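Please look through the sequence and the structure shown here before reading on. The paragraphs that follow go from the separate chains to the places where they meet.

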Amino acid sequence: MLGSSILSLVIFFPLVGILVVLFLRQEQVRSIKVIGIATAVIDFLLSVYVYVMFDSQNPNMQFVQRLKWIEGLNVSYYVGVDGISLLLVLLTTLLMPIALLSSWNSITRRLKEYVFFMLLLEVGMVGVFCSLDLFLFYIFWEGMLIPMYFIIGIWGGENRIYAAIKFLLFTLVGSLLMLVAIIWLAIYASGPQQLGRFTTDLLELYRIAPALPLAIQSWMFLAFALSFAIKVPLFPFHTWLPDAHVEAPTAGSGILAGVLLKMGTYGLLRFCLPLFPQASVKFMPLIAVLAVIGIIYGALVSMVQKDIKKLVAYSSVSHLGFVVLGIFAINEEAIQGSIIQMVNHGLSTGALFLIVGMIYERRHTREVSEFGGLSKVMPVLATFFMIISLSSIGLPGLNGFVGEFLILLGSFQSRFLISPAYTVLATSGVVLSAVYLLWMYQRVMFGSVTKPENQSLKDLSFREVAVLVPIALFVFWIGLYPASFLAKSAASTKALVQQVERGLGGRAQVVQSAIPTNEDSSGGKHK
Amino acid sequence: MEFSSVEIVSASPILALTVLALLVLLLETLLRKSEDVVFVVTLVGIAICIAFTLAVYSRSGTAFMGMLQVGGFTNFFYLVFLISAGLTVLISRSYLKSQEIEFGEYYCMVLFATVGMMLIAAAQDLIIIFLGIELMSISLYVLAGFMRKRVKSNESALKYFLLGAFATGFLLYGIALLYGVSGSTRFATLAEQFPSLTSDAFFWVGVGLLIVGLSFKAAAVPFHMWVPDVYEGAPTTISAFMSTGGKAAAFSAFLLVFFHALNVGNSKIAEVLAVLSAVTMIIGNVIAISQQNLKRMLAYSSIAHAGYMLAGLAAGNDLGQTGIMYYLAAYTFMNVGSFGVLSVLEQQEEKNLTFEDYSGLGYKRPFIAALMSVFMFSLSGIPPFAGFFGKYYVFAAAVKANLTWLAIVGVLTSAVSVYYYLRLVVFMYFRETESTMAQEISGSSLVAIVLCAIAVIGLGIMPSFVIDLAQGLF
């Protein structure tokens with residue numbers, strides 16, 4: 001219907017909303033809100049169209065569009081999605097209208113700018129997931145920092161300036177080194193033995209980069225991985241995260257946790273593994289150890305938090321550790337698990353932040369000790385909170401279980417993660433997450449209402465229910481029938497794993513015969 | 001001596017601007033209330049010169065007995081100078097009024113300085129470079145001290161003059177030594193003899209002195225000491241002009257001498273330039289962090305940007321040359337834009353020039369603050385603005401020339417620079433104090449600033465336009 005421009009439409013449609021909003025006056029509060037949400041909803045519907053039309057059998061890039069852009073440097077506007085990016089695009093466009101709706105009442109000043117930056121952020125995020133040219137990718141990757149910087153800095157909490165600058169500088173330092181690596185690759189490609197032309201085309205670089213000597217590959221890998229590790233954030237690069245999450249406004253935290261962190265894990269999957277397979281295997285033990293430390297450390301730190309929002313923030317460090325571990329297990333189960341877990345974490349942590357925000361709007365505090373017995377006063381909120389917490393913990397039947405199970409299964413079988421200790425230690429993270437979340441839930445929701453202020457709290461409004469229902473829907477859908485989502489990413493994941501193994505060359509084939517490969521990796525058997 | 005009409009047409013931009021400068025000088029003397037007329041004539045004249053430049057853009061060769069180069073490379077720089085001068089004139093009108101220094105000579109001096117810059121970019125002979133630098137510098141010395149009654153402005157002019165005179169001395173001595181070893185000041189002859197000259201110690205001393213002289217004009221460390229004081233004391237609009245046109249002129253001389261005449265690629269000169277570049281980036285960016293006065297902050301930022309451009313020069317390849325040219329075009333727009341914003345908000349007695357003064361500006365004057373943010377993001381090199389692409393280009397040139405370490409220094413210092421550029425954004429948007437800046441903003445200044453912002457965004461998204469202009473030349 002729309003031919004090859006449909007992806008560009010998904011990426012840039014929010015600009016239409018931005019334009020309209022710019023022409024409204026600051027006082028037209030309702031129109032600004034409605035237009036912001038409507039834009040995000042239409043963008044979501046567009047991405048649903050992409051999702052439906054996506055051919056699951058085809059592991060290659062689809063809906064590809066390529067336009068000449070900067071001919072002097074052979075840079076093109078080159079976008080496309082495969083099974084890996086598709087789910088993340090959908091996650092982004094799903095969370096954006098929810099985030100905007102959740103801030104209906106909480107954002108009272110500078111609403112126009114708020115909607116402007118949120119929609120701009122959406123352009124950047126979707127762009128990151130769709131770019132097939134490293135230059136284009138970098139523009140979205142860094143350009144997206146600007147709106148997030150403003151969202152934290154203008155609408156954030158007390159310590160927002162510190163948090164905004166820290167967020168920006170941390171992510172920038174990493175990505176600037178990645179920029180040098182991108183330039184290096186592009187110039188390497190222009191060598192006469194390579195492609196003979198300067199290029200940042202990802203698919204062309206896929207062909208030549210894996211043949212780089214290991215020493216150079218290692219440097220390239222480190223430059224890319226540092227940038228992604230900061231974004232994920234992998235221990236010990238996580239220190240920006242609690243500040244940014246706690247200070248950001250509710251919707252900002254939701255988007256930050258829901259989508260931005262996924263850009264790091266997506267980068268590892270899309271760039272580090274296929275471009276530098278040998279270096280990935282070389283550094284795998286280091287990264288796996290950091291991931292496991294992150295899982296346990298994040299969980300332990302969450303446990304002792306007094307502030308609910310901080311607790312949720314640190315839980316991200318723990319959960320994203322699982323995703324990274326799964327990616328570096330480099331087999332289909334684990335990577336499939338990682339992809340679905342990215343979506344799961346986006347849904348459940350995004351929702352947790354929104355719920356914390358709803359509580360905060362009523363009580364203007366997030367201290368665990370200020371609450372108790374809320375389930376009596378706010379039964380609807382308590383129900384949603386329970387569902388989401390359980391999903392985050394990984395209760396079977398809910399979405400978190402599917403991802404965590406696949407990751408643990410995959411990393412246990414991985415021939416790269418040689419020691420089962422990684423998996424065993426990571427599993428303890430699942431237990432710990434149950435401890436900190438349920439313990440917090442118990443202290444906040446159960447017991448008797450000790451504080452008089454909590455007696456008269458209003459339960460969720462219709463709007464707030466509307467915010468949480470779509471997320472809860474997906475929590476059950478992925479939990480009960482993951483196949484419908486896993487099927488979309490299966491072919492691409494398989495192709496990716498094969499690509500990495502090709503890149504490893506002879507060394508991989510020797511080991512391959514000893515390892516039983518599991519062809520049927522779609523989620524069916526885990527139902 | 002006779003000149004063919006072809007030569008005159010080819011060199012028409014520089015000739016026309018000279019005529020314009022003289023005309024403005026006359027008008028200024030003859031008319032009683034001359035300010036309005038002079039302003040309009042200057043603007044229209046610059047526009048005509050831009051038209052001439054574009055009309056003869058595709059020509060090549062030399063004019064006036066091989067002394068001047070025409071078309072291509074030279075005309076690209078003509079455009080940069082003329083645009084810088086035009087934008088400066090646009091933001092000057094209301095600034096001069098508010099500072100009570102509205103005299104017609106101002107425009108005249110700006111035009112003569114521009115003629116000097118154009119001479120530099122057209123040079124085919126070291127003597128012409130010297131001539132151009134002198135014409136430009138002397139006009140700028142006068143302009144720096146244009147606020148006669150203000151001590152800082154006088155200090156600025158005096159410092160600039162004394163140090164500038166020294167630098168010119170070095171430059172001239174370098175030229176003399178090169179003449180001594182080669183018997184000519186012509187680029188063509190120097191290029192011919194370059195292979196045989198490299199064994200001569202005096203040649204290297206001469207080259208070294210040339211680097212010193214030009215580094216001074218380009219504001220590269222360790223010849224940067226004058227920059228903060230001069231930029232701070234000079235009228236804000238002149239700081240804008242010096243930091244863009246003046247820097248572009250210095251780099252055009254660098255390119256002519258070290259790319260066209262002496263091929264520096266992979267020579268010792270390249271190593272020296274690489275070290276200069278690294279030191280300039282580090283010192284400029286690090287010192288800028290501690291500045292409270294915005295003009296001084298932009299002065300140190302100007303030093304840092306000279307460092308980025310030197311990286312392209314040290315690379316010594318085509319990518320580097322195109323990169324520098326793109327960078328200069330982008331830098332002109334973002335820097336005139338930011339100085340332009342400073343100039344419209346500045347009041348008598350140097351008020352409204354610190355970070356503190358900009359607190360809450362984002363709410364008091366959302367439009368101006370938004371434009372300023374665009375310039376700051378662009379200066380810090382965050383995509384999708386023009387500044388990012390300039391850095392991408394020069395760093396790519398450095399990596400290509402096996403100077404990856406230099407590119408790494410460059411990106412790390414850019415990360416440092418983000419801190420101080422965005423500090424202004426923090427003050428404008430994240431502080432909730434009530435801003436007191438309520439003055440009128442004149443139409444002409446606003447037009448210039450908006451043009452700059454459009455260019456910064458446009459060049460960032462569609463860099464091909466400038467690159468094609470810059471690349472179709474060699």
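How many helices and how many strands does chain A have? In this predicted model, chain A is made up of 21 helices together with two strands. Along the principal axes, the C-alpha atoms of chain A fill a box of roughly 75 × 55 × 40 Å.

Chain B can be described in the corresponding terms. Its secondary structure comes to 20 helices and two strands, and its C-alpha atoms fill a box of roughly 65 × 55 × 40 Å, again taken along the principal axes. A compact globule with 474 residues would have a radius of gyration near 23 Å, and the 21 Å of chain B agrees with this. Buried residues make up 62% of the 474 residues in chain B, while residues 24 or more positions apart account for 79% of those contacts in chain B that have a separation of 6 or more.

Where the chains meet, 27 residues of chain A are in contact with 25 residues of chain B. On the side of chain A that touches chain B, the elements giving two or more residues are helix 5 (134-143), helix 6 (145-155) and helix 7 (160-189) of chain A, and helix 7 of chain A provides the largest share, 15 residues. By class, the residues on this side of chain A divide into 21 nonpolar, three polar and three charged.

One residue of helix 7 of chain A deserves a separate look, namely Ile187(A). Is Ile187(A) buried or exposed? With 20 other C-beta atoms within 10 Å, a count that meets the cut-off of 20 or more, Ile187(A) is buried. Leaving aside the neighbours within four places in sequence, Ile187(A) is in contact with Phe198(A) and, across the boundary between the chains, with Ala396(B), Val399(B) and Lys400(B). By contrast, Gly80(A), which is 107 residues apart from Ile187(A) along the chain, has its C-alpha atom separated from that of Ile187(A) by 24 Å.

Within chain B, a pair of helices can be followed in detail. The axes of helix 4 (residues 72-98) and helix 19 (residues 443-461) of chain B come within 7 Å and cross at roughly 145°, and helix 4 of chain B passes helix 19 of chain B in a left-handed crossing. In this contact Leu87(B), Leu90(B), Ile91(B), Arg93(B) and Ser94(B) of helix 4 meet Ser444(B), Ser445(B), Val447(B), Ala448(B), Leu451(B) and Cys452(B) of helix 19. Sorted by class, the contact between these helices of chain B has seven nonpolar, three polar and one charged residues.

Terms used
Residues numbered from 1 in each chain as written. Chains lettered and ligands numbered in written order. Predicted model: local features only at pLDDT ≥ 70, side-chain atom pairs only at ≥ 80, totals over all residues. Axes fitted to C-alpha atoms, helices over the stretch in contact; angles between N-to-C directions. Helix = DSSP H or I, 4+ residues; strand = E, 2+ residues; numbered from the N terminus. Left-handed = near helix turned anticlockwise from the far one by under 90°. Contact = placed C-beta atoms within 7 Å. Nonpolar A, V, L, I, M, F, W, Y, C, P; charged D, E, K, R; others polar. Rg over C-alpha atoms; globule rule 2.2 N^0.38 Å. Buried ≥ 20, exposed ≤ 12 C-beta atoms within 10 Å, placed from the backbone.
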